[in-house]
Each structure stands twice: as structure tokens, then as C-alpha cells.
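We will go from stop to stop, and at each one you will hear what to select.

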Amino acid sequence: MSAAVPSDLAAPVIMGVLLGGLYALVALGLSLVFGVMKLINVAHGDFVVLGSYAAYAGMTLGLDPILSLLVGVPAFGVMGFGLHRFLMHRASGISAEAPLIVAFGISIILQNAIQIAWSPLSRGLTTSYILASLRFGRADIPLVYLLDLVAALIVMAALHGFLRRTYLGKAVTAASQDARAAQLMGINTDTIHALAFAIAAATAAIAGVFLGLTFPFTPSSGVAYLIIAFGVVIIGGLGSMLGTFLGGIILGLAQALGGHFFGAAAQMLPVYLTVLVLLALRPQGLFGR
Amino acid sequence: MAGGQPRTTLLKVSEIDILYGSFQALWGVSLEVRTGEMVALVGANSSGKSTLLNAISGFLRSARGRIEFEGKDITRDNPWHTVDLGIAHVPEGRRLFPDLTVLDNLILGSYSARARARRAANLDAVFTLFPRLAQRRHQVAKTLSGGEQQMLALGRGLMSAPALLLLDEMSLGLAPIVVGELYRTLQQIRAAGVAILFVEQNVKQSLREADRAYILEKGRIVLSGEAAVLREAEEVKRAYFGV
């Protein structure tokens with residue numbers, strides 16, 4: 001349908017906002033790790049797709065993907081903590097670039113391990129409820145998109161509450177503002193960094209489940225997710241949660257409206273163009289530091 | 001002066017060398033701080049004063065020599081260990097957490113296990129010492145004036161319940177009146193039992209406030225002793241007072 005009547009935009013706009021929430025969720029971990037330890041975790045997209053595959057494995061055992069998060073979130077948290085403590089932390093002692101290279105290595109290993117375990121075939125998390133849709137006026141919105149936004153809002157609110165209201169969260173915030181000063185308070189910044197990495201991995205698990213419910217995925221989907229996450233934090237500004245949320249919404253809208261006007265094949269083009277334009281106009285992002 | 005208690009050695013630095021790559025910043029430096037003392041570290045820019053404080057608190061590892069605090073060897077300790085032992089380092093430039101409130105900056109100061117249990121009591125003490133901080137407790141740190149920021153940095157250091165306070169260039173960028181106020185507060189802190197090792201650009205001021213002083217030149221201690229004596233020493237007068 002290509003009629004230019006405004007009310008026809010209701011569906012893509014609503015979908016864009018909902019999709020944007022999901023994108024913000026994917027980008028959250030990337031933004032947190034950069035904010036706290038100034039590291040661009042290029043394996044983040046692969047953590048997310050690993051979350052999708054882990055939920056897929058759970059499904060073969062009869063476990064609902066969202067319920068599997070009860071196990072998945074702590075498991076990914078532990079994995080993230082361990083990866084940082086035993087790999088990334090040692091790498092940061094070698095040079096400033098070493099952690100980035102290690103992250104590349106982790107990314108490659110994950111992609112190939114997933115491919116060996118589950119083959120390159122495209123998979124999806126198909127449950128009974130993802131086919132349901134709700135009606136908003138003249139728009140039919142898939143239920144799963146709403147779940148995506150709700151999940152995104154819950155995770156963002158929880159993370160924000162943790163960082164701003166709990167003592168440990170304030171220590172993490174402090175360490176991201178001035179690492180040396182934080183050390184002078186008795187804060188072990190090595191442990192704080194590992195904790196941030198763990199939280200990022202845990203959010204990746206959640207993002208992986210909801211992405212997997214919404215779109216099909218392959219072992220190399222991680223790259224696409226990383227690019228989206230990158231775009232979100234570039235627009236929103238690294239280290240700002242509000243910026244991440246708005247960045248996600250903007251990209252979600254760009255994709256949904258792009259698909260509406262130019263067709264599904266071209267829907268990512270407006271997304272990348274938006275990132276380029278905003279990068280040129282405001283390099284530090286909407287709320288960047 | 002604190003009452004007639006005998007002074008014991010609190011901090012003992014023995015013959016430490018600090019290297020930045022191939023550049024040696026400190027050469028065989030030794031010094032001592034005793035309980036209840038106020039000791040000044042004096043010297044020109046780049047003489048190694050901040051480097052010495054960083055070595056004591058644990059940011060820098062000495063290639064040689066030994067640092068002891070209350071009899072324990074802290075030569076290899078990280079900053080978060082030395083805080084737990086009772087050394088509070090208020091760094092050059094204050095290094096507050098700019099986007100956190102006064103209150104948050106302060107309570108983070110008592111993160112260490114040593115200070116955690118006494119957080120509420122220490123907070124009361126800091127607010128009594130610095131009423132202006134109490135008034136502005138919900139204000140974001142980066143919006144405070146220079147003097148208030150220095151008070152906050154000092155207060156944050158005190159929150160860790162230290163036995164020794166390391167103070168780096170407290171008066172940088174502050175008006176003389178504010179500096180005077182801060183030094184009066186320092187004397188109060190000292191009277192409460194905290195020893196203070198401070199770096200100060202203004203040589204005359206440091207020799208006025210301190211009990212003893214060490215003079216650093218190009219990474220070596222060239223002179224040390226009672227502040228009153230140093231004030232009159234000919235070398236000091238010539239080098240620093242332009243006499």
C-alpha cells in the first residue's frame with residue numbers, strides 16, 4: 001500500500017517506536033561498557049545472538065524463551081564477569097588496544113562456535129504467542145513488538161535505578177566518571193569493570209531472546225546487531241541511557257518508515273543514512289559526553 | 001599542638017625510586033610522618049611532589065625501597081588497599097565525581113570496609129566541619145565554587161576515616177581568603193588526630209602551617225627539618241623567597 005494518507009502511517013510509526021525500544025535494549029550493554037571502561041565491545045552483537053541461540057536450545061527442551069531468561073540472565077552475567085576478569089582485564093594490562101583485539105577474537109570464536117553447534121541455517125524463536133497481534137485503530141501490531149518495548153523499558157528502568165539509586169550502582173557511575181578518584185575511595189575498579197561487563201552480557205541475553213522472537217537469526221546476525229547498536233549509541237551519545245533510548249527510537253522509526261515508503265529490501269538504507277547525517281551534524285550524539 | 005602524647009611513626013618511606021619509562025622522577029626518597037603531625041612537601045613544579053604522594057597511596061609502584069604504614073609494608077598496595085588501611089589521598093585537581101551530588105560524593109568516600117560501618121557518624125562530622133556542604137548536599141558537584149569543591153574533596157577524604165591525609169595542591173586556583181579558611185579547618189582536622197602530609201606551592205604558607213617539611217628538588221630530598229628552622233635557613237630564603 002503506497003497511498004500517502006497520514007493515517008496509513010500509524011502502523012509504521014507504532015512499529016518503529018516499538019522496534020526502537022528493542023534496538024535500545026540491544027545497544028544498552030554496548031553503551032554501558034563504553035561508559036564505564038571506555039571499551040567498544042565488538043563482541044557485543046555476538047553476545048546478543050548467543051542469547052538467541054541459547055533460548056533456541058532451551059526451546060528444544062520445551063522451555064519458553066522468556067522463561068529461559070531466569071537461567072539465561074544469571075548465566076550470561078557469570079560468563080561476562082569471567083570473560084572480563086580472566087581475559088579483558090589481562091588484555092588491558094598489555095596495551096590500550098589489546099582489549100579491543102581480544103573482543104574481536106571473542107566475536108570470531110562465538111560466531112564460529114555457534115555455526116558449528118547449530119549450522120548456518122536461519123532459526124527463529126517460534127512460540128504460540130508471537131503470531132498474535134493487537135489492533136490499534138487501523139493498525140495491526142504484532143504482540144511480540146509490544147513485548148519488545150515492555151522488556152526494553154523494564155530493563156532500562158532497572159539499570160537506571162541500579163546506577164543512580166543503589167550504593168554499588170553509584171560506585172559504578174563514579175568509576176565511569178573518574179576511575180582514579182574512584183580507586184581513591186577504595187573502589188576496586190577491576191571488579192567494577194567486570195561487573196559492568198557482566199551486566200552488559202546479561203542485557204545481551206535479554207535482547208537476544210526478544211530479537212529472536214521478533215526476527216529470524218543466523219550465526220552471523222551478531223554483526224548486524226552490533227552495527228545497529230553502534231548506530232544507536234552514535235546517535236544517542238555513548239554513556240547516556242536516555243540517549244540510547246532516543247537513539248533506538250529514531251533508528252526504529254527510520255527503519256519502519258523506510259520499509260513503508262521504499263519497501264522491505266531498502267528499509268535499512270534510511271537507518272544508515274540517519275546515522276551518517278546525525279554523525280555529521282552532532283558527532284558527540286544527542287546526550288554524549 | 002596536640003596534647004603531650006608521644007608521637008609514633010605513622011608513615012615511613014625508605015629510599016624509593018619512581019620511574020616513568022626511562023625517566024626517573026624520584027631518586028632514593030625517604031621521609032617520615034608521625035601521628036598528629038602536619039608535614040609539608042615543598043618544591044618547584046615537576047620536582048616530584050605529586051609523584052611521591054601517588055607512590056604512597058599506591059598509584060605508582062616504586063622500583064626500589066619500601067613504604068610502611070603503621071608498621072605494615074604497603075609498597076605493593078593498590079589505592080583501594082591503602083584507603084582501607086587509613087590513608088586518604090585528596091588528589092591534585094580534586095577529582096570529584098562531577099555529575100554526582102555533594103551527598104553522593106561524600107558517601108562514596110566511605111566505600112572501604114574500614115569506613116563503611118561509621119558512614120553516618122563520619123557524614124555528621126564532615127557536615128559539622130563544613131556547614132556549607134550540608135547546605136548544598138543535593139547540589140551537583142560540578143556546579144560548586146572552587147572553594148566548595150575543595151571542601152568537598154577534603155570531606156570526601158575524611159569520610160574514609162583516615163589516620164593520614166595526603167593533600168595535593170589544595171590551594172590551587174583558590175582566593176587567599178578561602179585558602180586561609182581551609183588551612184584553619186586543616187588544623188581542626190589535625191587536632192582531631194589525623195596526620196597530614198601536604199603538597200603546597202606557596203612555600204611561605206606551607207612553612208607557616210607545618211610542623212616539619214621536606215624540600216624536593218628534581219626528585220631528591222635536598223633539605224628537611226622543623227618548619228621553624230627551615231624558615232630561617234639561608235638556602236631556603238635564597239631559593240624560594242628570593243632574598
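Is B:Glu169 buried or exposed? Select B:Glu169 and look around it: this residue is buried, with 20 other C-beta atoms within 10 Å. Here buried means that 20 or more other C-beta atoms lie within 10 Å of a residue's own, exposed means 12 or fewer, and partly exposed is in between, with C-beta atoms placed from the backbone.

A word on the ground rules before moving on. Residues are numbered from 1 along each chain as its sequence is written, and chains are lettered from A and ligands numbered from 1 in the order in which they are written. This is a predicted model, in which local features need pLDDT of at least 70 and side-chain atom pairs count only at pLDDT 80 or more, while totals for chains, interfaces and linings use all residues.

**Two loops in chain B**

Stay with B:Glu169, which sits in the loop between β7 (164-168) and α8 (176-191) of chain B. Its phi is near 50°, a positive value in a residue other than glycine. Helices (H or I, at least four residues) and strands (E, at least two) are DSSP runs, numbered from the N terminus.

Now select B:Arg94, in the loop between β6 (87-90) and α3 (102-108) of chain B. This residue is not glycine either, and its phi is positive, near 65°. B:Arg94 is buried, with 24 other C-beta atoms within 10 Å.

**Chain A as a whole**

Color chain A by secondary structure and you will find 11 helices and two strands. Read from the N terminus, the order is α-α-α-α-β-β-α-α-α-α-α-α-α. The C-alpha trace spans about 60 × 45 × 35 Å along its principal axes, and 50% of the 289 residues count as buried.

**The nonpolar core**

Next, select A:Leu25, A:Val26, A:Ala196, A:Phe197, A:Ile206, A:Phe210 and B:Leu166: these touch the most other members of the largest nonpolar core, which has 166 residues. Such a core is a set of buried Ala, Val, Leu, Ile, Met, Phe, Trp, Tyr and Cys residues joined through C-beta atoms within 7 Å. Helix α8 (residues 189-214) of chain A contributes the largest share, 18 residues.

Zoom in on A:Ala196. Beyond its neighbours within four places in sequence, A:Ala196 is in contact (C-beta atoms, placed from the backbone, within 7 Å) with A:Leu32, A:Val33, A:Val36, A:Met37 and A:Val172.

**Where the chains meet**

Show both chains: 14 residues of chain A are in contact with 18 residues of chain B. On the chain A side, α6 (167-177) and α7 (179-184) each supply at least two residues, and α6(A) gives the most, with five.

**Helix α4 of chain A**

Select residues 98-118 of chain A, the 21 residues of helix α4. Within α4(A), A:Pro99, A:Val102, A:Ala103, A:Ser107, A:Gln111 and A:Ile114 are buried. The buried residues of α4(A) pack against α2 (44-60), α3 (65-94) and α9 (221-236) of chain A. Step past the helix to A:Ser119, which follows α4(A) and has a positive phi, near 65°.

**Last stop**

Finish at A:Tyr272, in helix α11 (residues 268-281) of chain A. A:Tyr272 is partly exposed, with 16 other C-beta atoms within 10 Å. Draw a distance to A:Ala254, 18 residues away along the chain, and the C-alpha atoms are separated by 8.9 Å.

Note on methods: Two residues are in contact if their C-beta atoms, placed from the backbone, lie within 7 Å. The expected span of a helix is 1.5 Å times one less than its number of residues.
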